[in-house]
Amino acid sequence: MVNSMSNSSFFFSDSSMAEFHRWEKKFPENAEGKRSLVIPALWIGQRQNGFISKEVVQYVAELTGTEPLHVWGVATFYTMFLKEKSGKNIIHFCTNITCTLMGSEELMLSTCKKLGVSPGETTSDGLVTVLEAECLGACGESPTVQVNHTQYMVKVTENDIENLIQTFKTGNR
Amino acid sequence: MAEKKIILANIEEENSHTIDHYIKHGGYGALEKAFKSMTPAQILEEIKASNLRGRGGAGFPAGIKWSFIKRDAEGPKYLICNADEGEPGTFKDRRIMMSKPHIVLEGMIIAAYCMGLDAGYIYIRGEFYDPYLSMDRAIEEAYKKGFLGKNILGTGFNFDVYTYLGAGAYICGDETALMNSLEGKRGYPRLKPPFPAQYGLYGRPTTVHNVETFSAVPAIIENGGKWYADLGTPKSGGTKLFGISGHVTNPGVYELTLGTSWKEFFEDIAGGVKGGKKLKAIIPGGSSTPILRADELEGMNLDYESIQAKGSMMGTGAVIVFDETTNMVKVLYRIMKFYAHESCGQCTPCREGCDWFYDIVKRIYHGEGKVEDLDRLEDLGKYIGPNTICAFGDAFVMPTTALVKKFRGEIIDHIKKGKSADLGKDYHHA
Amino acid sequence: MPDIIIDGKKVTFTGKANIIEMARSVGVEIPAFCYHPALSVSGNCRMCMVEVGMPAKDKSGAVQKDEKGETVISFMPKLQPACYQEPADGMVIKTDSEKVIETRKRILEFLLINHPLDCPVCDQAGECVLQDYSFQYGFTQSRFLEKKRTYGKTFFSDVITPELNRCIHCDRCSRFTKEIANDFSFTRTWRGNETELAALPDMKIEHNYQGNMVDICPVGALTLTDFRFKSRVWFLKNSEGICTSCGKGCNVVYAIDRNNKILRIKPRFNKNINSYWMCDYGRLRYPVFNEKRLTRFLIQGKEASRESAVEHVQKQITSNSRVGIVASAAESLEGCIALADLAKNFIKSEHIDYRVHSAQIKEDISLKNGEVLMVNDSYPNSMGAKKAHLLPGPNGLSAEMMLKNPEQLDILLVVIDDKLLENQVVVNAIKKAKKVILFSPWDLEWFGEVEAVLPLQVSLEQRGTFININGVEQKFEIVKSSEKNSHSMIEYVSLITQVATAVR
């Protein structure tokens with residue numbers, strides 16, 4: 001007997017659902033294959049909703065034939081799933097060994113100063129969240145920064161970050 | 001022994017990621033040869049003869065791993081490409097996936113044909129969004145050309161490959177944790193035995209290999225296992241991608257024949273320490289490998305045995321270079337911060353021990369350490385590594401123990417300075 | 001038959017065998033936290049690590065022998081978890097080597113660094129595995145100088161009060177919830193040292209087996225809200241018994257305090273009936289046996305002596321023509337037989353029936369293996385009552401009829417049990433009936449001034465037999481002392497008929 005929540009108010013948009021269908025083709029058509037869809041579905045849900053909310057959890061559980069608590073357990077295990085509302089844009093600064101040797105910490109802290117936040121926080125206008133990342137796997141071109149869980153920027157300078165924040169402000173992404 | 005571009009051949013060119021460019025330079029030729037003029041048993045023999053060892057860090061002989069799968073066993077049987085490159089300092093697999101994705105696919109298809117596998121998954125870490133798109137594009141191209149899908153090259157062999165995106169967990173680089181993650185679960189490593197060849201993805205027989213290991217396969221098939229083996233040393237065949245970063249003049253990924261001297265690589269190819277400073281130490285194979293002081297590198301060659309003889313490991317071949325200005329206490333602190341963040345928390349020694357190590361090292365870094373702490377770390381470490389479910393225990397104990405042993409003097413100086421110890425520029429305390 | 005040697009003792013095994021169990025069978029105790037015989041093997045606590053060796057073989061495959069002709073055992077370089085290691089013929093296990101003993105110390109040390117020193121305020125003290133093992137195998141001093149990891153306050157259950165700081169992450173609770181209770185409402189969330197056993201945020205665990213999670217938690221991380229701070233366990237007297245809340249007959253242990261009150265019920269292992277478990281409904285129903293107990297004989301509302309009360313009852317039931325007896329299936333088999341005998345041979349009435357349908361009990365939830373605890377019959381001994389033939393004769397009235405129209409009878413005799421205390425049908429019948437005689441363990445206001453009330457013992461205060469709904473006969477012993485002046489049904493029948501029956 002599943003401890004069920006009220007029916008979710010979140011559901012995939014058409015484009016989200018289309019992407020989900022593309023993922024469905026990758027796995028066997030049985031309960032195990034459906035369970036494999038939890039992480040892809042959470043990604044799609046996060047992209048649409050901004051973060052993994054209670055409703056997203058419930059919806060993904062229904063979609064994949066799994067239990068809401070299982071989905072929540074998965075969402076909390078993996079760092080890239082945001083469990084609470086964040087800024088419109090996220091900058092991840094890698095602060096692991098090589099990037100730190102190449103000055104990523106200073107870069108992060110100066111960026112934070114300019115934005116008026118501490119690492120881990122979101123600007124008051126909700127535009128940018130600054131986070132620390134573990135090794136992003138681009139050490140030869142450090143310091144490295146990831147934007148909105150997708151784009152990498154390498155050999156990053158203060159100038160680059162300033163331009164980046166500008167693009168956030170003008171919405172040219 | 002020197003730089004030799006096999007995997008990295010032509011990778012600088014603009015369209016190196018396209019199938020046309022790949023084929024133009026001989027790509028998928030090995031696939032044709034394997035499918036049309038070799039039997040699976042012959043392919044296995046070549047891989048065994050090549051001395052190819054897993055390039056993901058464990059260095060397990062590929063030929064032996066491939067022989068674990070019973071080709072005639074009932075399907076489905078799976079192939080997994082471990083593209084969860086998370087070991088700090090490592091960036092070679094990303095290079096391959098971005099600029100030469102087809103070499104990975106070709107290696108996977110040959111491997112699948114040899115072992116009689118039905119489908120392959122490329123598990124890509126969540127941060128590698130662009131490599132994921134790159135692999136998807138390559139897979140689409142490969143299907144179009146008939147190298148994937150049904151009846152490949154008219155042999156009746158079917159093979160499908162799918163990409164999968166992780167979501168930020170270093171532990172999913174462990175092969176059984178990877179499989180749990182692929183199955184849509186929390187990425188906990190599994191108890192072994194059974195091993196993936198008996199019980200893998202969805203409980204089916206599975207072979208897991210690193211991106212680079214698959215990338216080495218086409219050349220072996222093209223030129224023969226012995227050719228590959230002869231490139232390297234008697235126990236370590238072929239070439240390996242070495243990523244070098246940190247305080248080095250020419251950071252980047254280089255392909256070297258195994259056995260190349262460290263001196264040649266570091267000084268001639270990578271340009272030595274940046275800005276002409278003095279070398280202090282290196283981490284040879286990613287943060288899980290013990291650090292080596294500059295004076296310990298005398299006579300070291302880049303192969304599994306030579307590095308092991310120096311007290312460290314090949315690992316992923318990710319070299320991190322530290323010059324004389326590096327604060328080793330900070331390095332120690334940053335390494336432990338990473339592991340404390342990434343421990344899965346399943347078993348007692350790692351869950352409690354890793355955090356304990358981090359707390360001690362953090363305290364030392366912030367000027368509240370005691371000399372006894374260093375002996376404590378060494379003492380605790382002895383009972384973590386042998387008692388954990390997976391290799392994560394060793395992964396944080398070994399580098400910590402090495403750092404403490406080899407830079408004991410510097411760490412004690414830092415401890416003695418107490419609150420006035422240097423924490424580095426603008427440090428950030430998390 | 002294949003066998004292994006554990007600390008020099010040979011153990012034979014068949015099929016799937018577990019080394020911890022095998023060791024126990026030869027008196028070797030291997031400590032473990034996360035292992036439980038009824039749950040899947042998790043292998044995460046690493047407390048049960050032992051030395052594992054196999055006979056060494058030379059290149060030809062022949063077993064090597066040393067100078068004395070003994071088989072050379074080649075031990076694995078690393079210790080292996082005994083819960084997970086598959087035994088193989090010829091395997092040698094050592095649980096007392098220096099390496100094993102030191103490893104246990106270290107594992108305990110790791111578990112204790114973030115564990116709060118709560119023993120003085122923790123319910124689990126005295127039955128805590130972590131305490132016991134620390135005493136047996138652990139260090140006496142802590143070397144931990146850092147801050148302990150803590151969790152925020154959580155609420156996820158009415159039955160369980162959590163103290164998550166004490167959690168050792170053995171994962172028994174979540175495995176139980178999934179594998180036994182067939183509910184996915186509690187599991188590990190987050191990662192690393194911040195791993196937290198939790199339900200969905202803002203949600204509760206609702207299944208009927210939460211008390212078992214408290215039982216199997218090796219420490220005081222999950223405590224029973226009902227038992228919280230009530231007593232130290234070493235002041236409790238534990239008596240084995242049978243649960244009386246339904247017809248399943250789960251085997252339990254009653255914990256009695258110094259004032260003869262039941263403080264707690266815990267399940268007891270029975271391979272065929274309830275395994276290691278019991279339901280929350282049965283676990284939490286004991287207060288009724290502690291409260292409002294009847295300790296006087298009453299005739300028309302006035303206190304009387306035993307002799308006068310018994311005599312009065314005897315006169316009433318022999319002088320009136322129509323006597324109806326509403327019997328109880330909460331009585332032991334022996335009590336039912338005595339009552340049936342009274343009805344048939346002494347009173348000579350055909351109007352006797354045990355089938356009173358009492359308060360509805362919650363719909364049952366079956367466990368994962370299909371086994372059902374808490375069955376639809378709320379009486380522990382319906383089969384026994386049936387066997388004792390507490391049923392109306394060919395012209396006799398059923399319980400339903402007797403209770404609906406009690407005016408048909410001259411005397412309505414009711415055996416009050418814990419299921420009838422709020423039963424409106426019975427309350428109304430007693431009001432309507434001409435004359436009422438009650439055998440009751442409880443002193444209830446709605447008795448009013450009925451003809452007679454005799455204080456009755458509950459089954460927990462007697463020896464006897466229950467037959468569960470599957471026909472299994474189970475004997476039980478006295479769990480707690482009886483209340484002042486109360487007697488068993490057998491004694492009353494004997495007194496009333498003045499016939500000496502072999503009681504004890």
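**View 1. The interface of chain B and chain A, by area and by residues.** Between chain B and chain A, an area of about 4,300 Å² is buried, and carbon and sulfur atoms give 58% of that area. The model shown here and in the other views is a predicted one.

**View 2. Charged and polar pairs between chain B and chain A.** The count of salt bridges between these two chains is 4. In one of the salt bridges, Glu105(A) is paired with Lys330(B), and their closest N and O atoms are 2.6 Å apart. Counting residue pairs in polar contact, with both residues at pLDDT 80 or more, gives 22 between chain B and chain A.

**View 3. The largest nonpolar core and the surroundings of Phe396(B).** The largest nonpolar core has 173 residues, and those that touch the most other members are Leu42(A), Tyr78(A), Ile43(B), Trp66(B), Ile122(B), Tyr339(B) and Phe396(B). Helix 6 of chain B, which covers residues 101-115, gives the most to this core, with 11 residues. When neighbours within four places in sequence are left aside, Phe396(B) is in contact with Met336(B), Tyr339(B), Cys350(B), Gly353(B), Cys354(B), Phe357(B) and Ile384(B). Apart from this core lies another, of 124 residues, and among its members are Ile107(C), Val356(C), Val426(C) and Ala429(C). As a general background, nonpolar side chains in soluble globular proteins tend to be buried together.

**View 4. Ile256(C) and the residues around it.** Ile256(C) is part of strand 12 of chain C, which runs over residues 251-256. Why does Ile256(C) count as buried? Its relative accessibility is 5%, and a residue counts as buried when this value is under 20%. Although Ile256(C) and Asn238(C) are 18 residues apart in sequence, their C-alpha atoms are 6.3 Å apart in space. With neighbours within four places in sequence left aside, the residues in contact with Ile256(C) are Phe235(C), Leu236(C), Lys237(C), Lys261(C), Ile262(C), Val479(C) and Lys480(C).

**View 5. The interface of chain C and chain B.** Here 32 residues of chain C are in contact with 37 residues of chain B, and the two chains bury about 3,000 Å² between them, with 50% of this area on carbon and sulfur atoms. Across this interface there are 4 salt bridges, and one of them joins the side chains of Asp379(B) and Arg106(C), with an N to O distance of 2.9 Å. The interface of chain C and chain B also has 22 residue pairs in polar contact, both residues of a pair being at pLDDT 80 or more. On the side of chain C that touches chain B, at least two residues come from helix 2 (98-113) and at least two from strand 8 (187-189) of chain C. The largest share of that side, 8 residues, is supplied by helix 2 of chain C. By class, the side of chain C that touches chain B has 11 nonpolar, 10 polar and 11 charged residues.

How values were computed
Residues numbered from 1 in each chain as written. Chains lettered and ligands numbered in written order. Predicted model: local features only at pLDDT ≥ 70, side-chain atom pairs only at ≥ 80, totals over all residues. Heavy atoms only, no water. Buried area = accessible area lost by both parts, 1.4 Å probe. Polar contact = N/O pair within 3.5 Å; in protein donor to acceptor, adjacent residues only side chain to side chain. Core = buried A, V, L, I, M, F, W, Y, C linked by side-chain atoms within 4.5 Å. Buried < 20%, exposed > 50% of the residue type's maximum accessible area, 1.4 Å probe, protein only. Helix = DSSP H or I, 4+ residues; strand = E, 2+ residues; numbered from the N terminus. Contact = heavy atoms within 4.5 Å. Nonpolar A, V, L, I, M, F, W, Y, C, P; charged D, E, K, R; others polar.
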